[in-house]
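Hi there,

Here is the structure I promised to pass along.

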Amino acid sequence: SLYVSEYFSQSAQKLSFYSWYGNAKLFHFRVPEDTVLLRWLLQASRGKGPECTNMEITVHFRYGAPPVINPLGTDFPANATVRPSYSISITLSSAVQNTTFVNVTTPAAGDWFIAAHLPEAAGRIEVKGFSTPCPYMFQADMFVLRLADMPVLEPGVAMPQTVVSPAKALHVKVFVPKHTAVMWLELRNCMSGEQKACAVRVVLGSITLPQSFQRIITCVGKVNCSLALDSPPWEKWLQIMVESLGAANASVSVEMLASFRACRPGSTSSFLNFGSLNQSQTGPRPGSAGAAGSPTLSTGETSRNASDQRSFCLQNQPVVREDLDVVSVRYRLLNGPSVPVNSLSPTLLLLNLNTGMDSGGSLVVNLLLNKTSVSLANATVVACVSAASPVLSLNATHNCSTAFFQGYPLRVSTSSPEAMLIVLYPQTDDWFLSLQLICPKGQGECNAAEAKVTVFAYLTPCFNDCGPYGQCSLLRRHGYLYAGCSCKAGWGGWSCTDVTKAQSVSAQNLATLLLTLSNLMFLPAIAVAVYRYYLVEASVYTYTMFFSTFYHACDQPGVAVMCIMNYDTLQYCDFLGSVVSIWVTILCMSRVKKILKYVLFVLGTLLIAMSLQLDRRGVWNMMGPCLFALIIMIAAWVYHGVKRRHCYPPSWKRWVFYLLPGITLAFIAISVYAFMETNENYYYTHSIWHVLVASSVAFLLPPRDKHKKPWAWSQKLTCRYQICQNDREELYAVT
C-alpha cells in the first residue's frame with residue numbers, strides 16, 4: 001500500500017478568558033478522504049513577563065461542526081439537544097511552551113473543528129494602557145496519513161484480501177448508495193497462515209468526536225463471520241479496517257463480501273410538486289394564515305394511493321431549501337406545511353445542511369399535530385431527526401438510531417400535540433426527519449388510520465435571536481461563519497435563558513437612574529463657572545453632562561434603555577466631553593492670558609477629537625491631554641511665583657479649602673475608574689466616578705478676575721421710573 005502524508009497548519013491565535021462563545025478561538029480543518037491516521041499538534045505558549053502566571057487551557061474537538069461547550073455550567077434553552085464535547089486540558093506552569101499530540105485512527109473525512117479558551121473571566125473592567133495582560137497563544141497543526149490506493153469493495157463481489165501482519169492493518173472501502181436500508185458484510189474463508197481458523201477484528205466506520213459509533217466484529221476461531229448494519233450512511237464511502245489478532249508473523253487471508261438491500265421510496269406526483277411550488281412562491285408562506293396546501297384528491301385516488309403505500313418502505317415528501325441570509329435557511333414543503341403520517345411506512349423529509357456553511361447555527365424542528373385528523377385517540381406520531389441516513393424502523397423498535405448516528409426523538413399525540421427540537425451547531429450532512437404513526441395495541445389497529453402533522457423546520461443563527469437580554473453576534477474564522485449569543489443584564493446560557501444571575505427589572509431601573517442622574521452633579525460646577533464668568537468652561541460642562549446622561553441611558557444592557565440618537569455617536573460625544581472638560585479645567589487653573597487660553601482650548605479640542613477617533617478607549621487619550629495641561633499649569637504657576645516673589649496661588653485658604661479637596665477628589669475618582677470597576681459593580685462605581693469628577697471641578701475652578709464685578713442682577717433689570725442725569729460738562733454758565 002502507498003501511504004501519503006500531508007500537513008495542514010493555521011496561524012496562532014491569542015486566547016481569551018471565557019465569558020461567552022465568542023471568547024473561544026476556533027480552528028477549522030478539512031480531513032481528506034481515505035485518511036487512516038490523524039495527528040493534532042497543539043502548541044500553547046505564554047509571555048515571559050511577571051504578569052504571566054500558571055494557566056490551564058481547555059481544548060475541545062468535534063467532527064462536522066463547532067464544539068458545543070459549556071465552561072460556565074449555565075443552562076441551555078428548553079428542547080435543545082446537548083451532547084458534551086470531547087476536550088483535553090493543557091497546563092502552562094513553569095514552562096513557557098507546551099506541546100501536545102492527539103492521535104485519531106481512521107478519522108471521518110470532512111470538517112473538523114477545534115475550540116480553545118482560558119478559564120472563566122474575572123469580570124474586571126480594565127482600562128486600556130493601565131495594565132498589560134499576559135499573552136497566551138495557541139496554535140493547532142494537523143498531520144494526516146492517507147492511503148493512496150485503498151481497495152474498493154464492490155457490492156455482491158467477493159474480494160480476496162490478505163492481512164500481512166498484526167502490525168499492519170488492512171483498509172478497504174465500500175460506497176453506500178442512496179436508499180439503502182440494510183448492509184451486510186461477510187467474511188468468508190478466513191484462514192491464518194497455518195491453515196487454521198483466523199482471529200481477526202473488523203472495524204466498520206470512522207471515528208467522529210465527541211461520540212463515535214464504530215461497529216466491531218471479533219472473529220476468533222471461525223471461518224465465516226457477518227454483520228448487518230441498519231440504515232448505513234447514504235451516498236458515502238464506508239471505511240472498513242481488518243486487524244489480525246494472531247501471531248506476530250502470521251498472515252491472514254480472507255474473502256470480503258458486501259451486499260445491500262434497497263428501500264423503495266414512494267412520493268407524490270411531480271406535477272403536484274411543481275404546482276405547489278408555484279403556489280407557494282406567489283401565495284402566502286407556509287405556516288401563515290391561508291397557506292395553500294396540495295390539491296384535494298378524489299376518493300378513488302386516495303384509496304389507490306393507500307394500497308400503493310404497502311409496497312413502499314418510506315414516503316418521500318418534497319422539501320425546498322430557501323436560503324434567507326448567512327446561516328439562515330427555511331425549509332418549505334411543496335405540498336403544504338401538513339404532511340400525512342401513517343403506520344405502514346415512515347414519512348421522510350430531507351433537510352439539506354451539507355453546504356459547509358450551515359453548521360454554525362441552530363436547526364429548529366417544530367411538529368404540530370392536527371387533533372381532528374387522528375381517528376384513534378391513543379395513537380402517537382413518533383419522529384426522529386438523524387444525520388447521514390434516516391431511521392426506517394420506527395414502528396418496530398422505537399429506537400431513534402442509525403448505523404453510525406444516534407438521532408433525536410420527538411413524539412406528538414392528542415394529549416401533547418406539539419413538540420420542538422433544537423440542534424445546536426448541526427454537523428454538515430444531509431439531515432432527515434422520519435415520522436410514523438404508532439398504536440399502543442399493535443400496528444393492526446393503525447392500518448387504516450392517518451394523522452396530519454404540520455412541520456416547521458428552519459436554520460437560524462441564534463435560537464429566538466438570543467431573547468430580550470442577549471445579542472446574536474456573527475463570528476468569523478477565515479472564511480467560516482458561525483453565530484453566538486452575548487448575554488447582558490446578568491443573564492447567561494447558550495441562548496441567554498439562564499436566570500441564575502439575572503438582574504431584576506427594578507435593579508435595571510436603579511442602575512439606569514444611578515448612571516444618568518449622577519451626571520447632575522455637574523450642575524454645581526456649571527453654576528460656579530457661570531458665577532465666576534467662565535462661560536466657555538460652563539458650556540463644556542453642560543455638553544458633557546448632557547451626552548454622558550443620554551449615553552448611559554442608551555448603554556444599559558436590560559430593558560431600561562432610551563437612545564435619542566445613534567449609540568456610537570452618543571459614546572463618542574461622551575468620551576470627547578469628558579476629556580475636553582479635564583483639558584479646559586486645568587488650563588483655566590493655569591491663569592494664562594485669555595487669548596492664549598482660548599487658542600489652547602480650540603487646538604486641544606481638535607487634537608483630542610482626532611485621538612479619540614483613532615483609539616477611543618486608550619488611556620493616553622485621557623492622560624496625554626491631562627499631563628500636557630498640567631505641564632502648562634505648573635509652568636504658569638512657577639512664572640507667577642517668580643514674578644511676584646511669592647508662592648502661587650498666594651492664599652493658604654485657596655490651598656486648604658479648594659485645591660487640596662479638589663485634587664483629593666480627582667485622585668479618588670481616577671482610582672475608582674482605573675482599578676475598582678467590574679461588570680457587576682459598574683453601575684455604582686461609575687456613578688461614583690461621575691460624582692467625584694464633577695465635584696472636583698467645582699473645587700478646582702479658580703476665582704474670577706479682580707476687575708470682574710459679580711453678577712448684579714438688580715442692576716441689569718430696567719425699572720419703570722428712571723432718574724435721568726445730564727453728564728455733559730457745562731462749558732459756559734449763564735448768570
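**Notes on the predicted model**

The unreviewed UniProt entry annotates residues 458–497 as an EGF-like domain. In this model, which is predicted rather than experimental, that span is 48% strand and 0% helix, and its end C-alpha atoms lie 20 Å apart.

**Transmembrane spans and helix packing**

The unreviewed UniProt entry also carries the feature "transmembrane region", placed at residues 510–534, 595–614, 620–639, 655–676 and 682–701. I looked at two of these spans. Residues 655–676 are 100% helix and 0% strand, with 29 Å between the end C-alpha atoms. Residues 682–701 come out at 95% helix and 0% strand, and there the end C-alpha atoms are 28 Å apart.

How do helix 5 and helix 11 cross? Helix 5 covers residues 522–531 and helix 11 covers residues 682–700; their axes come within 8 Å and cross at roughly 20 degrees. An angle under 35 degrees counts as roughly parallel, so helix 5 is roughly parallel to helix 11. The crossing of this pair is left-handed.

Helix 11 also packs with helix 10 (residues 652–676), at an angle of about 155 degrees and with the axes 8 Å apart. Angles over 145 degrees count as roughly antiparallel, so helix 10 is roughly antiparallel to helix 11. The crossing of helix 10 and helix 11 is left-handed.

**A nonpolar surface patch**

Which residues form a nonpolar patch on the surface? They are Trp620, Leu627, Leu630, Ile634, Val638 and Val642, and together they have about 600 Å² of accessible area. One of them, Ile634, sits in helix 9, which runs over residues 620–644.

**Salt bridges**

Side chains of opposite charge can pair when their charged atoms come close. With a cut-off of 4 Å between side-chain nitrogen and carboxyl oxygen, the count is 12 salt bridges. Among them is the pair of Glu6 and Arg146, with 2.9 Å from N to O.

**Backbone details to check in your viewer**

Most peptide bonds are trans, and most residues other than glycine have a negative phi. Here are some places that depart from that pattern.

- Leu209 and Pro210 are joined by a cis peptide bond, with omega at about 10 degrees. Pro210 lies in the loop between strand 15 (198–204) and strand 16 (215–222).
- Tyr648 and Pro649 are likewise joined by a cis peptide bond, with omega at about -5 degrees. Pro649 is found in the loop between helix 9 and helix 10.
- Asn79 has a positive phi, near 70 degrees, although this residue is not a glycine. Asn79 is in the loop between strand 6 (55–63) and strand 7 (80–81).

Notes. Residues are numbered from 1 along each chain as its sequence is written. This is a predicted model: local features need pLDDT of at least 70, side-chain atom pairs count only at pLDDT 80 or more; totals for chains, interfaces and linings use all residues. Side-chain values use heavy atoms; hydrogens and water are left out. UniProt positions are given in the numbering used here, feature names are shortened, and annotations may be inferred rather than shown by experiment. Helices (H or I, at least four residues) and strands (E, at least two) are DSSP runs, numbered from the N terminus. Patches are made of residues with over 30% relative accessible area and no salt bridge: like charges are joined within 9 Å, nonpolar side chains (Val, Leu, Ile, Met, Phe, Trp, Tyr) within 5 Å. Accessible areas come from the Shrake-Rupley method with a 1.4 Å probe; for residues, only the protein chains shown count as cover. Axes are lines fitted to C-alpha atoms, for helices over the stretch in contact, and angles run from 0 to 180 degrees between N-to-C directions. Angles under 35 degrees count as roughly parallel, over 145 as roughly antiparallel, 65 to 115 as roughly perpendicular and the rest as oblique. A crossing is left-handed if the near helix is turned anticlockwise from the far one by less than a right angle, and right-handed if clockwise.
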